[in-house]
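Take a look at the fold before reading on.

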Amino acid sequence: NPVFAAVVYSTSLLENSTVGTSVIGVSATDLDAGSNGQIVYSISKGNVGNAFRIDNAGVLWVNHSLNYEQVSLYSLEIAATDGGSVPRSGYTYLGISIDPVNEHSPTFSAGHYN
């Protein structure tokens, strides 16, 4: 079975992070030889709004715009699946805290005050 380097990962991200921003990398190993030891990563749970995607190197990316007011914490389950004829998977958990950004600058009704 693939085994992750950590059981739990965590990070934070600004809500104005652009699509395509790299978030964090996760890593799993499998002791099998050949294609049985090749690992494919996927997000198996918690990806509200398909906000993130993960590549074959285990790097998580922002996939859609984030909004702190809608989702302030993502709890993702990440799977690493090997290439065996009967695929086996290992899992880790990733918490991503979304940090708010001031979206509304203050406005003043008059141009000059005494």
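What follows describes a predicted model.

Strands of a sheet pair through backbone hydrogen bonds, in parallel or antiparallel fashion.

Strand 5 runs antiparallel to strand 8, residues 73–82. Six bridges join strand 5 to strand 8. Within this pair, Val40 stands opposite Thr81 of strand 8.

Next comes the core. In soluble globular proteins, nonpolar side chains tend to be buried together. Here the largest nonpolar core has 23 residues. Which residues have the most contacts inside it? They are Phe52, Leu60, Tyr74 and Ile96. Several elements give two or more residues to this core: strand 2, strand 3 (22–25), strand 5, strand 6, strand 7 (59–62), strand 8 and strand 9 (89–99). Strand 8 gives the most, with four residues.

Leu60 shows how these parts meet. Beyond four places in sequence, Leu60 touches Thr21, Ser22, Val23 and Ile24, among others. Its contacts also include Ile43, Phe52, Arg53 and Ile54. Leu76, Leu94 and Ile96 are on the list as well.

Turn to the loops. Asn47 sits between strand 5 and strand 6 (52–54). Is Asn47 buried or exposed? Its relative accessible area is 19%, and the cut-off for burial is under 20%, so Asn47 counts as buried. Its side chain has polar partners in the backbone. A polar atom of the Asn47 side chain lies 3.1 Å from the backbone nitrogen of Ala51. The backbone oxygen of Phe52 lies 2.8 Å from a polar atom of that side chain. Leaving out residues up to four places away, Asn47 touches Phe52 and Leu76. Phe52 is also one of the core residues with the most contacts, and Leu76 is among the residues that Leu60 touches.

How far apart are Ser72 and Ile24? They are 48 residues apart in sequence and 17 Å apart in space, C-alpha to C-alpha.

Terms used:
Residues numbered from 1 in each chain as written. Predicted model: local features only at pLDDT ≥ 70, side-chain atom pairs only at ≥ 80, totals over all residues. Heavy atoms only, no water. Pairing = 2+ DSSP bridges. Buried < 20%, exposed > 50% of the residue type's maximum accessible area, 1.4 Å probe, protein only. Polar contact = N/O pair within 3.5 Å; in protein donor to acceptor, adjacent residues only side chain to side chain. Contact = heavy atoms within 4.5 Å. Core = buried A, V, L, I, M, F, W, Y, C linked by side-chain atoms within 4.5 Å.
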